[in-house]
Amino acid sequence: GARVIRCEDWRNASADALQALYRVERARWMSRLHWDIDPTYRLLEDARTRGHAPGLIALDGAGRPAGWAYYGLVNRMLQIGGLVASSGEVTRALLDGILRSTEADMASDLMCFAFPASPALESALARQRFAITKYLYLSRELRPGGEPWRLRSDMRIAHWREMDAVMSVRLMARAYAGINSARVFAPRGTLEEWATYLAQLIKMPACGQFMPSASLAATESSTAGQVALRGALIATTLQPDTAHIAQIVVDPSLRRRGLARDLI
């Protein structure tokens, strides 16, 4: 294709131009992950048009869009919320543009989320000295009926409620302590970051719409009558026929006892 010559601030682009880019990406998420990301893009577009969401569009030599990215600064971490590029050259141009931004000047860390479009993307990220971690989605078809359900653990399992939020934040921090791949949820592993992450799961559509009817809490009561949260499953819906286990967590002291299986 024509050589990329420039990146432009996407806040100056027309809504029609962005809608065309969103449509292509939405089709990819739907076909690969059965995930309708329209609710996220509606919020993103609102923030873009208000000037609150910085981003770039990469244009080729003919002035055609060849890639785009948006980003934001959170607690001195520059987070690239999406990186879409047609080639490694476009990826490098977008990253170079982001690294020259005011937000990057104020950041001490940089994190990027990217759909695995091609080996060229991974190569371009590696050349920019990113540490690359791959996150895989597992899926299965849900069928009515099946084997009778029998609990393996001794926990009480009930629907997760917002009153379980504080205990859930502490549980996630304990369960993921020292696990590097948890950076995608809470980059530095602080309770504040876990609280923000949980709030986003249940209040925002980025990981799907919160599904209270399929979200569960496993609790255990002590002899003194105190109730402790030992496991939690937060579920969302990605489109009408796709449910999503957005988060499942078990107390480190109770692993290998079948609790996660009970929750699933």
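Colleague: How far is the sulfur of Cys 207 from the closest cysteine sulfur, and in which residue is that sulfur?

Modeller: A disulfide is a pair of cysteine sulfur atoms within 2.5 Å. The closest cysteine sulfur to that of Cys 207 is in Cys 112, at 16 Å, which is too far for a bond. Cys 7 also has its closest cysteine sulfur in Cys 112, here at 14 Å, and so this pair is too far for a bond as well. The search of the whole structure finds 0 disulfides. Before going on, note that this is a predicted model, in which local features need pLDDT of at least 70 and side-chain atom pairs count only at pLDDT 80 or more, while totals for chains, interfaces and linings use all residues. Residues are numbered from 1 along each chain as its sequence is written, and side-chain values use heavy atoms, with hydrogens and water left out.

Colleague: Are Cys 7 and Cys 207 buried, partly exposed or exposed?

Modeller: Buried means under 20% relative accessible area, exposed means over 50%, and partly exposed is in between (1.4 Å probe, protein chains only). Cys 7 is partly exposed because its relative accessibility is 27%. Cys 207 has a relative accessible area of 27%, so Cys 207 is partly exposed too. Leu 94 is buried, because its relative accessible area is 0%.

Colleague: How many residues are in the chain, and what percentage of them is buried?

Modeller: The chain has 264 residues, and 38% of them are buried. The C-alpha trace spans about 70 × 40 × 35 Å along its principal axes.

Colleague: How many helices and strands does the chain have?

Modeller: Helices (H or I, at least four residues) and strands (E, at least two) are DSSP runs, numbered from the N terminus. The chain has 8 helices and 10 strands. Leu 94 belongs to helix α3, residues 88–99. Ala 199 belongs to helix α7, residues 191–203. From Ala 199 to Ala 165 the C-alpha distance is 8.6 Å, although they are 34 residues apart in sequence. Arg 170 is in helix α6, residues 165–175, and its C-alpha is 11 Å from that of Glu 193, 23 residues away along the chain.

Colleague: How do I read a pair of aromatic rings?

Modeller: A pair of aromatic rings is described by the distance of the centres and the angle of the planes. Rings of Phe, Tyr and Trp (its six-membered ring) pair if their centres lie within 6.5 Å; planes under 30 degrees apart count as stacked, over 60 as edge-to-face and the rest as tilted. This rule gives 16 aromatic pairs. Tyr 22 and Tyr 41 are stacked, because their ring centres are 4.6 Å apart and their planes are at 20°. Tyr 22 is in helix α1 (residues 15–33) and Tyr 41 in helix α2 (residues 38–49), 19 residues apart, and the pair links distant parts of the chain. Both Tyr 22 and Tyr 41 are buried. Ring pairs join Tyr 22 and Tyr 41 with Trp 10, Trp 68 and Tyr 70 in a cluster.

Colleague: Which residue has its charged end over the ring of Trp 10?

Modeller: A charge sits over a ring if NZ of Lys or CZ of Arg is within 6 Å of the ring centre and within 35 degrees of the ring normal. The residue is Arg 48, whose charged end is 5.9 Å from the centre of the Trp 10 ring.

Colleague: Where is Arg 256, and what is its phi?

Modeller: Arg 256 is in the loop between β10 and α8. Its phi is near 70°, a positive value in a residue other than glycine. Arg 256 is exposed, because its relative accessibility is 86%. Arg 129, also not a glycine, has a positive phi of about 65°. Arg 129 is in the loop between α5 (119–127) and β6 (156–159), and its 77% relative accessibility makes Arg 129 exposed.

Colleague: How many residues line the second largest pocket?

Modeller: Rolling a probe the size of a water molecule over the atoms shows where empty space is left. On a 1 Å grid over the protein atoms alone, a pocket is an open set of points where a 1.4 Å probe fits, with protein on both sides within 12 Å along at least five of seven lines; lining residues have an atom within 4 Å of a point. Grid points are joined across faces, edges and corners, and a volume is the space filled by probe spheres set on the points. The second largest pocket has a volume of about 350 Å³. Its lining has 17 residues, with Ile 248, Val 249, Val 250, Arg 255 and Ala 260 nearest the centre. β10 (242–250) and α8 (259–263) each supply at least two residues of this lining.
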